[in-house]
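Open the model in your viewer and switch to a cartoon view. Keep the selection tool at hand.

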Amino acid sequence: MASQTGSGPGSGGADAGPGSGTHLPDRPGWTCVECGADWPCPARRSGLLDEYGGTGVALGVYLGACLVRAMGDLDHLPVTELRQRFLGWLPRAGGHRPD
């Protein structure tokens with residue numbers, strides 16, 4: 001399938017997030033345009049953590065918005081799976097990442 005055009009993630013528009021030069025999502029499949037992994041791929045996760053620094057709430061809001069878009073594009077996948085993919089890897093309060 002072709003990428004969706006517009007201003008959302010994967011289009012290079014304003015919604016692509018900070019430092020969005022690499023490892024962007026290719027919609028509607030939500031795979032990484034650079035490495036082909038499910039987005040957010042490990043490289044993008046690491047980059048997002050670095051880019052957002054100590055503002056975990058802002059990162060959660062950004063990824064939550066991506067999750068809502070992905071739920072529309074990937075409506076064949078369980079919501080719990082998408083939630084884990086987009087938000088489940090974020091560090092918890094106290095600074096540790098879930099296993």
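**Stop 1: the whole protein.** Remember that this is a predicted model. Colour by secondary structure. Now follow the chain from its start. The elements come in the order β-β-α-α-α. Next, colour by burial. Of the 99 residues in the protein, 31% are buried. Then think about contacts along the chain. Take those between residues at least 6 apart in sequence: 43% of them join residues at least 24 apart.

**Stop 2: helix 1 and helix 2.** Select residues 42–52 for helix 1 and residues 56–73 for helix 2. The crossing of helix 1 and helix 2 is right-handed.

**Stop 3: where the two helices touch.** Show side chains. From helix 1, pick Leu 48, Leu 49 and Tyr 52. Their partners in helix 2 are Ala 58, Leu 59, Tyr 62 and Leu 63. What kinds of residue make up this contact: nonpolar, polar or charged? The count is 7 nonpolar, no polar and no charged.

Stay on helix 1. Which of its residues are buried? Select Arg 44, Gly 47, Leu 48, Leu 49 and Tyr 52. These buried residues pack against helix 2. An α-helix has 3.6 residues a turn, so residues three or four places apart point the same way.

**Stop 4: Arg 85.** Move to helix 3, residues 79–86, and select Arg 85. Is Arg 85 buried or exposed? Its relative accessibility is 11%, so Arg 85 counts as buried. The side chain comes to 2.4 Å from the backbone oxygen of Trp 30.

Now show what surrounds Arg 85. Skip its neighbours within four places in sequence. Arg 85 then contacts Gly 29, Trp 30, Asp 38, Trp 39, Pro 40, Arg 45, Leu 74 and Leu 77. Select them one by one to finish the tour.

Notes
Residues are numbered from 1 along each chain as its sequence is written. This is a predicted model: local features need pLDDT of at least 70, side-chain atom pairs count only at pLDDT 80 or more; totals for chains, interfaces and linings use all residues. Side-chain values use heavy atoms; hydrogens and water are left out. Axes are lines fitted to C-alpha atoms, for helices over the stretch in contact, and angles run from 0 to 180 degrees between N-to-C directions. Helices (H or I, at least four residues) and strands (E, at least two) are DSSP runs, numbered from the N terminus. A crossing is left-handed if the near helix is turned anticlockwise from the far one by less than a right angle, and right-handed if clockwise. Contact means heavy atoms within 4.5 Å. Ala, Val, Leu, Ile, Met, Phe, Trp, Tyr, Cys and Pro count as nonpolar, Asp, Glu, Lys and Arg as charged, and the others, Gly among them, as polar. Buried means under 20% relative accessible area, exposed over 50%, partly exposed in between (1.4 Å probe, protein chains only). A polar contact is a pair of N or O atoms within 3.5 Å; within protein, one must be able to donate a hydrogen and the other to accept it, and residues adjacent in sequence count only if both atoms are side-chain atoms.
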